[in-house]
Amino acid sequence: MRFHVLTLFPEAFAQPLQFSIVARAVQRGQINIDVADIRDYTHDAHGTADDYQFGGGHGMVMKPEPVFEAAEATLSGYDAAERAQIPVILTTPQGELLTQKLVEELASSPAIAIICGHYAGVDERIAEGLATRPVSIGDYVLTGGELPAMIIIDAVTRLLPGVVGSPESVAGDSITTGLLQHPLYTRPAEFRGMTVPEVLLSGHHAEIDRWRRRKSLERTLEHRPDLLSTASLTNDDRRYLAG
Ligand code: ADE
(Lines give C-alpha, C1' and ligand atoms only; values in the text may rest on other atoms or scores of the structure.)
Protein backbone atom coordinates (compact mmCIF):
# COMPACT_ATOMS: atom_id res chain seq x y z
CA MET A 1 0.00 0.00 0.00
CA ARG A 2 1.29 3.41 -0.93
CA PHE A 3 0.23 6.42 1.11
CA HIS A 4 0.76 9.81 -0.52
CA VAL A 5 0.50 12.58 2.04
CA LEU A 6 0.21 16.21 0.95
CA THR A 7 0.94 18.61 3.77
CA LEU A 8 2.27 22.05 4.64
CA PHE A 9 4.12 20.42 7.55
CA PRO A 10 6.10 17.42 6.23
CA GLU A 11 8.29 17.51 9.36
CA ALA A 12 5.27 16.32 11.35
CA PHE A 13 5.68 12.90 9.66
CA ALA A 14 9.41 12.51 10.32
CA GLN A 15 9.10 10.77 13.70
CA PRO A 16 5.59 9.66 14.66
CA LEU A 17 5.23 6.73 12.27
CA GLN A 18 8.69 5.36 12.94
CA PHE A 19 8.06 2.89 15.71
CA SER A 20 6.43 -0.47 16.30
CA ILE A 21 4.06 -2.04 13.78
CA VAL A 22 3.89 0.79 11.22
CA ALA A 23 7.71 1.13 11.18
CA ARG A 24 8.04 -2.63 10.68
CA ALA A 25 5.51 -2.50 7.83
CA VAL A 26 7.63 0.21 6.17
CA GLN A 27 10.84 -1.81 6.67
CA ARG A 28 9.24 -4.93 5.20
CA GLY A 29 7.99 -2.97 2.20
CA GLN A 30 4.33 -3.66 3.06
CA ILE A 31 3.62 0.06 3.01
CA ASN A 32 5.32 3.13 1.66
CA ILE A 33 4.66 6.62 3.06
CA ASP A 34 5.46 9.34 0.57
CA VAL A 35 5.20 12.86 2.03
CA ALA A 36 4.96 15.83 -0.35
CA ASP A 37 5.42 19.42 0.81
CA ILE A 38 2.60 21.53 -0.63
CA ARG A 39 4.81 24.61 -0.26
CA ASP A 40 7.13 23.18 -2.96
CA TYR A 41 4.29 23.87 -5.40
CA THR A 42 3.85 27.55 -4.63
CA HIS A 43 5.10 30.11 -7.12
CA ASP A 44 6.08 33.17 -5.10
CA ALA A 45 9.23 33.94 -3.14
CA HIS A 46 7.45 33.52 0.20
CA GLY A 47 5.93 30.13 -0.58
CA THR A 48 2.44 31.44 0.05
CA ALA A 49 0.00 28.56 0.43
CA ASP A 50 -2.87 30.38 2.20
CA ASP A 51 -4.85 33.56 1.75
CA TYR A 52 -7.72 35.62 3.19
CA GLN A 53 -11.29 34.44 2.71
CA PHE A 54 -13.54 36.02 0.14
CA GLY A 55 -16.48 37.53 1.97
CA GLY A 56 -14.41 38.30 5.07
CA GLY A 57 -14.03 36.34 8.26
CA HIS A 58 -11.40 35.08 10.64
CA GLY A 59 -8.82 32.54 9.61
CA MET A 60 -6.76 31.88 6.51
CA VAL A 61 -7.75 29.46 3.77
CA MET A 62 -5.46 27.07 1.89
CA LYS A 63 -5.14 28.16 -1.74
CA PRO A 64 -6.20 25.71 -4.43
CA GLU A 65 -3.30 25.99 -6.91
CA PRO A 66 -0.44 24.49 -4.85
CA VAL A 67 -2.65 21.67 -3.55
CA PHE A 68 -3.85 20.70 -7.04
CA GLU A 69 -0.30 20.88 -8.41
CA ALA A 70 1.12 18.83 -5.52
CA ALA A 71 -1.56 16.17 -6.03
CA GLU A 72 -1.03 16.05 -9.79
CA ALA A 73 2.75 15.72 -9.40
CA THR A 74 2.39 13.09 -6.68
CA LEU A 75 -0.07 10.96 -8.63
CA SER A 76 1.56 11.44 -12.05
CA GLY A 77 3.23 8.02 -11.78
CA TYR A 78 -0.13 6.24 -12.02
CA ASP A 79 -1.99 5.62 -15.28
CA ALA A 80 -5.59 6.78 -15.61
CA ALA A 81 -7.09 3.42 -14.63
CA GLU A 82 -4.98 3.17 -11.46
CA ARG A 83 -5.59 6.81 -10.64
CA ALA A 84 -9.35 6.23 -10.72
CA GLN A 85 -8.93 3.60 -7.96
CA ILE A 86 -7.04 5.89 -5.58
CA PRO A 87 -9.16 7.69 -2.99
CA VAL A 88 -8.08 11.28 -2.46
CA ILE A 89 -8.87 11.98 1.18
CA LEU A 90 -9.22 15.49 2.55
CA THR A 91 -8.92 15.63 6.35
CA THR A 92 -11.62 17.97 7.59
CA PRO A 93 -14.10 18.15 10.47
CA GLN A 94 -16.74 18.49 7.72
CA GLY A 95 -16.01 15.02 6.34
CA GLU A 96 -17.51 11.56 6.70
CA LEU A 97 -16.71 10.10 10.12
CA LEU A 98 -13.79 7.63 10.11
CA THR A 99 -15.12 4.27 11.24
CA GLN A 100 -13.64 0.77 11.10
CA LYS A 101 -15.93 0.12 8.12
CA LEU A 102 -14.43 3.06 6.22
CA VAL A 103 -10.92 1.94 7.25
CA GLU A 104 -11.68 -1.52 5.79
CA GLU A 105 -12.87 0.04 2.56
CA LEU A 106 -9.74 2.20 2.32
CA ALA A 107 -7.50 -0.81 3.02
CA SER A 108 -8.71 -2.42 -0.21
CA SER A 109 -7.40 0.48 -2.35
CA PRO A 110 -4.08 0.11 -4.21
CA ALA A 111 -2.91 3.49 -2.83
CA ILE A 112 -4.35 6.37 -0.82
CA ALA A 113 -3.69 10.09 -1.16
CA ILE A 114 -4.32 12.26 1.89
CA ILE A 115 -4.52 16.05 1.72
CA CYS A 116 -3.95 17.52 5.18
CA GLY A 117 -6.18 20.53 5.68
CA HIS A 118 -4.83 23.35 7.81
CA TYR A 119 -5.73 26.83 9.08
CA ALA A 120 -9.45 27.66 8.94
CA GLY A 121 -9.84 25.19 6.09
CA VAL A 122 -9.20 24.67 2.40
CA ASP A 123 -10.64 26.45 -0.62
CA GLU A 124 -13.86 24.63 -1.49
CA ARG A 125 -12.59 23.87 -5.00
CA ILE A 126 -10.12 21.40 -3.42
CA ALA A 127 -13.10 19.54 -1.95
CA GLU A 128 -15.07 19.88 -5.18
CA GLY A 129 -12.53 19.16 -7.87
CA LEU A 130 -9.72 17.16 -6.28
CA ALA A 131 -10.64 15.31 -3.07
CA THR A 132 -12.96 12.34 -3.44
CA ARG A 133 -13.28 11.43 0.27
CA PRO A 134 -13.54 14.16 2.91
CA VAL A 135 -12.84 12.40 6.22
CA SER A 136 -13.24 13.55 9.83
CA ILE A 137 -11.70 11.56 12.68
CA GLY A 138 -14.25 12.78 15.21
CA ASP A 139 -16.50 15.56 16.40
CA TYR A 140 -13.78 17.90 17.65
CA VAL A 141 -11.56 20.40 15.88
CA LEU A 142 -7.79 19.98 15.66
CA THR A 143 -5.25 22.56 14.55
CA GLY A 144 -4.59 20.63 11.36
CA GLY A 145 -5.05 17.43 9.38
CA GLU A 146 -1.62 15.93 10.04
CA LEU A 147 -2.66 13.87 13.07
CA PRO A 148 -5.84 12.68 11.31
CA ALA A 149 -3.66 11.59 8.33
CA MET A 150 -1.42 9.58 10.69
CA ILE A 151 -4.46 8.00 12.29
CA ILE A 152 -5.80 6.95 8.89
CA ILE A 153 -2.39 5.52 7.91
CA ASP A 154 -2.11 3.60 11.19
CA ALA A 155 -5.64 2.18 11.09
CA VAL A 156 -5.36 1.12 7.42
CA THR A 157 -1.86 -0.35 7.85
CA ARG A 158 -2.86 -2.75 10.62
CA LEU A 159 -5.52 -4.27 8.33
CA LEU A 160 -3.09 -5.08 5.53
CA PRO A 161 -2.25 -8.77 5.16
CA GLY A 162 0.76 -9.83 7.23
CA VAL A 163 1.19 -6.53 9.10
CA VAL A 164 -0.27 -7.64 12.44
CA GLY A 165 0.96 -11.04 13.61
CA SER A 166 -2.27 -13.00 13.82
CA PRO A 167 -5.29 -12.31 11.59
CA GLU A 168 -7.53 -13.33 14.53
CA SER A 169 -6.29 -10.40 16.58
CA VAL A 170 -7.46 -8.04 13.82
CA ALA A 171 -10.74 -9.86 13.16
CA GLY A 172 -11.67 -10.10 16.83
CA ASP A 173 -10.78 -6.64 18.02
CA SER A 174 -12.91 -3.89 19.36
CA ILE A 175 -15.38 -2.34 16.94
CA THR A 176 -14.56 -4.83 14.14
CA THR A 177 -16.89 -7.24 15.92
CA GLY A 178 -19.47 -4.47 16.33
CA LEU A 179 -18.89 -4.39 20.11
CA LEU A 180 -16.24 -2.94 22.42
CA GLN A 181 -13.50 -5.34 23.45
CA HIS A 182 -13.69 -7.34 26.68
CA PRO A 183 -11.12 -6.67 29.46
CA LEU A 184 -7.65 -8.19 29.03
CA TYR A 185 -5.32 -9.47 31.75
CA THR A 186 -1.77 -10.78 31.85
CA ARG A 187 0.50 -11.96 34.70
CA PRO A 188 0.64 -11.56 37.66
CA ALA A 189 -2.70 -13.09 38.67
CA GLU A 190 -2.77 -10.75 41.65
CA PHE A 191 -1.44 -7.18 41.57
CA ARG A 192 -1.79 -4.74 44.47
CA GLY A 193 -4.79 -6.60 45.71
CA MET A 194 -6.48 -6.62 42.30
CA THR A 195 -7.11 -10.10 40.99
CA VAL A 196 -7.71 -11.59 37.58
CA PRO A 197 -11.28 -12.96 37.23
CA GLU A 198 -11.27 -16.62 38.25
CA VAL A 199 -12.88 -17.79 35.02
CA LEU A 200 -9.85 -16.68 32.96
CA LEU A 201 -7.62 -18.98 35.03
CA SER A 202 -10.05 -21.91 34.82
CA GLY A 203 -9.07 -23.28 31.42
CA HIS A 204 -12.77 -23.69 30.50
CA HIS A 205 -12.80 -22.21 27.03
CA ALA A 206 -16.56 -22.13 26.60
CA GLU A 207 -16.94 -20.36 29.96
CA ILE A 208 -14.16 -17.91 29.05
CA ASP A 209 -15.82 -17.12 25.72
CA ARG A 210 -19.14 -16.55 27.49
CA TRP A 211 -17.56 -14.26 30.09
CA ARG A 212 -15.74 -12.26 27.40
CA ARG A 213 -18.89 -11.87 25.34
CA ARG A 214 -20.82 -10.63 28.35
CA LYS A 215 -18.12 -8.16 29.30
CA SER A 216 -18.12 -6.84 25.73
CA LEU A 217 -21.88 -6.42 25.92
CA GLU A 218 -21.68 -4.67 29.31
CA ARG A 219 -18.99 -2.27 28.16
CA THR A 220 -20.75 -1.48 24.92
CA LEU A 221 -23.99 -0.84 26.79
CA GLU A 222 -22.19 1.46 29.20
CA HIS A 223 -19.91 3.43 26.85
CA ARG A 224 -21.31 3.05 23.32
CA PRO A 225 -24.96 1.97 23.41
CA ASP A 226 -25.29 3.35 19.85
CA LEU A 227 -23.23 0.37 18.60
CA LEU A 228 -25.80 -2.14 19.84
CA SER A 229 -28.27 -1.19 17.12
CA THR A 230 -25.89 -2.39 14.38
CA ALA A 231 -23.93 -5.18 16.16
CA SER A 232 -24.99 -8.71 15.31
CA LEU A 233 -26.47 -10.02 18.53
CA THR A 234 -27.62 -13.53 19.40
CA ASN A 235 -30.81 -14.25 21.34
CA ASP A 236 -28.56 -15.02 24.31
CA ASP A 237 -26.95 -11.57 23.98
CA ARG A 238 -30.36 -9.90 23.90
CA ARG A 239 -31.51 -11.80 26.95
CA TYR A 240 -28.37 -10.81 28.82
CA LEU A 241 -28.75 -7.14 27.89
CA ALA A 242 -32.40 -7.17 28.90
CA GLY A 243 -30.99 -8.21 32.21
N1 ADE B 1 -8.89 18.85 10.98
C2 ADE B 1 -9.22 19.49 12.10
N3 ADE B 1 -10.02 18.75 12.86
C4 ADE B 1 -10.21 17.57 12.20
C5 ADE B 1 -10.94 16.39 12.47
N6 ADE B 1 -11.67 16.25 13.57
N7 ADE B 1 -10.89 15.40 11.57
C8 ADE B 1 -10.17 15.53 10.44
N9 ADE B 1 -9.47 16.62 10.13
C10 ADE B 1 -9.47 17.64 11.00
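The side chains of arginine 213 and aspartate 237 form a salt bridge, with 2.7 Å from N to O. A salt bridge is a side-chain nitrogen of Lys or Arg within 4 Å of a carboxyl oxygen of Asp or Glu. This pair links distant parts of the chain, 24 residues apart: arginine 213 sits in helix H9 (residues 205-223) and aspartate 237 in helix H10 (residues 235-242). Helices (H or I, at least four residues) and strands (E, at least two) are DSSP runs, numbered from the N terminus. Aspartate 237 is buried at 4% relative accessible area. Arginine 213 is partly exposed at 30%. Buried means under 20% relative accessible area, exposed over 50%, and partly exposed in between (1.4 Å probe, protein chains only).

The model is predicted: local features need pLDDT of at least 70, side-chain atom pairs count only at pLDDT 80 or more, and totals for chains, interfaces and linings use all residues. Residues are numbered from 1 along each chain as its sequence is written, and side-chain values use heavy atoms, leaving out hydrogens and water.

The whole structure holds 8 salt bridges. One of them joins glutamate 96 and arginine 133 at 3.0 Å, N to O. Glutamate 96 lies in strand S5 (residues 88-97) and arginine 133 in strand S8 (residues 133-136), so the pair ties together parts 37 residues apart in sequence. Arginine 133 is buried, at 18%. Glutamate 96 is partly exposed, at 37%.

Aspartate 226 and arginine 224 also meet in a salt bridge, at 2.9 Å, N to O. Aspartate 226 is partly exposed at 44%, and arginine 224 is partly exposed at 33%. Elsewhere, salt bridges with shared partners join Glu96, Glu105 and Arg133 into one network.
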